[in-house]
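Below are my notes, in numbered points, to read alongside the model.

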Amino acid sequence: MALLGDAGYGATMGGTGTGVAIVGAYVLAGELALAGGDHRTALAEYESRITGFAKGCQKISGNAGPFFAPPTERRIRSRDRMYRLLSSCLLAGFFKRLTERAATDIELRDYPA
Ligand SMILES: Cc1cc2nc3c(=O)[nH]c(=O)nc-3n(C[C@H](O)[C@H](O)[C@H](O)COP(=O)(O)OP(=O)(O)OC[C@H]3O[C@@H](n4cnc5c(N)ncnc54)[C@H](O)[C@@H]3O)c2cc1C
């Protein structure tokens, strides 16, 4: 059995959930193709190649859930104010760099077509 995307890594919030799911699907499909039917080898390779990358993306998403979905009206208003601030050009660049580092922290192989 292999777990992929949110089911596998739960890096849902924080701006990298879709990317890590797509990279995971690419690596899993590629390793299955490369192993030529030996699914045990393919799954072990998939796990070893994706774990560090997924952990980096999880780290970024750590506090994003409570930030995006706060439990009280006052904190929802405070989130909205903060979000407007974070969306300003200067901070948007900072957050782009922050997520980009984790989102690109994997060496992808060229797999057979
Ligand atoms: C509010 C919000 C904002 C987000 N913003 C971003 C963002 O800006 N950038 C980013 O990269 N990511 C973002 N994400 C995260 C991103 O949406 C997920 O990480 C990504 O969709 C995970 O893909 P997935 O294929 O693993 O899961 P999903 O996209 O959840 O796909 C799972 C699919 O399985 C189906 N399913 C569930 N149970 C069953 C079943 N029993 N049988 C058959 N089908 C089933 C579901 O209906 C669904 O279609 C955000 C998420 C949320 C909730």
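1. Contact, as used in these notes, means heavy atoms within 4.5 Å. With that in hand, Val-27 touches Tyr-46, Arg-49, Ile-50, Leu-108 and Tyr-111, not counting residues up to four places away in sequence. Val-27 lies in helix 2; helices here (H or I, at least four residues) and strands (E, at least two) are DSSP runs, numbered from the N terminus. Is Val-27 buried or exposed? Its relative accessible area is 2%, so Val-27 is buried, where buried means under 20% relative accessible area, exposed over 50%, and partly exposed in between (1.4 Å probe, protein chains only). Val-27 and Glu-45 are 18 residues apart in sequence, and 8.8 Å separates their C-alpha atoms in space.

2. Some ground rules before going on. This is a predicted model, in which local features need pLDDT of at least 70 and side-chain atom pairs count only at pLDDT 80 or more, while totals for chains, interfaces and linings use all residues. Residues are numbered from 1 along each chain as its sequence is written, and side-chain values use heavy atoms, with hydrogens and water left out.

3. Now the overall fold. The chain has six helices and zero strands, and along the sequence this reads α-α-α-α-α-α. The radius of gyration is 17 Å, well over the 13 Å that the globule rule gives for 113 residues, so the chain is more spread out than a compact globule. For reference, the radius of gyration is taken over C-alpha atoms, and the globule rule is 2.2 Å times the number of residues to the power 0.38. Along the principal axes, the C-alpha atoms fill a box of roughly 55 × 30 × 20 Å.

4. Among contacts with a separation of 6 or more, 64% are between residues 24 or more positions apart. The chain exposes about 7800 Å², and carbon and sulfur atoms supply 58% of that area; accessible areas come from the Shrake-Rupley method with a 1.4 Å probe, and for residues only the protein chains shown count as cover.

5. Next, the ligand. Which residues are around the ligand? They are Gly-5, Asp-6, Thr-12, Met-13, Gly-15, Thr-16, Gly-17, Thr-18 and Ala-21, the criterion being a heavy atom within 4 Å of the molecule. This shell divides into two nonpolar, six polar and one charged residue. In that scheme Ala, Val, Leu, Ile, Met, Phe, Trp, Tyr, Cys and Pro count as nonpolar, Asp, Glu, Lys and Arg as charged, and the others, Gly among them, as polar.

6. For the polar distances, a polar side-chain atom of Asp-6 lies 2.7 Å from an oxygen atom of the ligand. From the backbone side, a polar atom of Thr-18 is 2.9 Å from a ligand oxygen, and for a polar backbone atom of Gly-17 the distance to a ligand oxygen is 3.4 Å. The protein covers 28% of the 1000 Å² of accessible area that the ligand has on its own. Helix 1 (5–9) and helix 2 (17–34) are the elements that give two or more residues to the shell, and the largest share, three residues, comes from helix 2.

7. Thr-16 deserves a look as a member of that shell. Thr-16 lies in the loop between helix 1 and helix 2 and, at 3% relative accessibility, counts as buried. Beyond residues up to four places away in sequence, Thr-16 touches Ala-11, Cys-57, Thr-99 and Ala-103.

8. Leaving aside neighbours within four places in sequence, Ala-103 is in contact with Thr-16, Phe-53 and Cys-57.

9. Leu-43, in helix 3 (residues 39–61), is partly exposed at 24% relative accessible area and, leaving aside neighbours within four places in sequence, is in contact with Met-1, Ala-2 and Leu-28. Arg-79 lies in helix 5 (residues 73–86); with neighbours within four places in sequence set aside, Arg-79 is in contact with Phe-67, Phe-68, Ala-69 and Pro-70.

Methods: A polar contact is a pair of N or O atoms within 3.5 Å; within protein, one must be able to donate a hydrogen and the other to accept it, and residues adjacent in sequence count only if both atoms are side-chain atoms.
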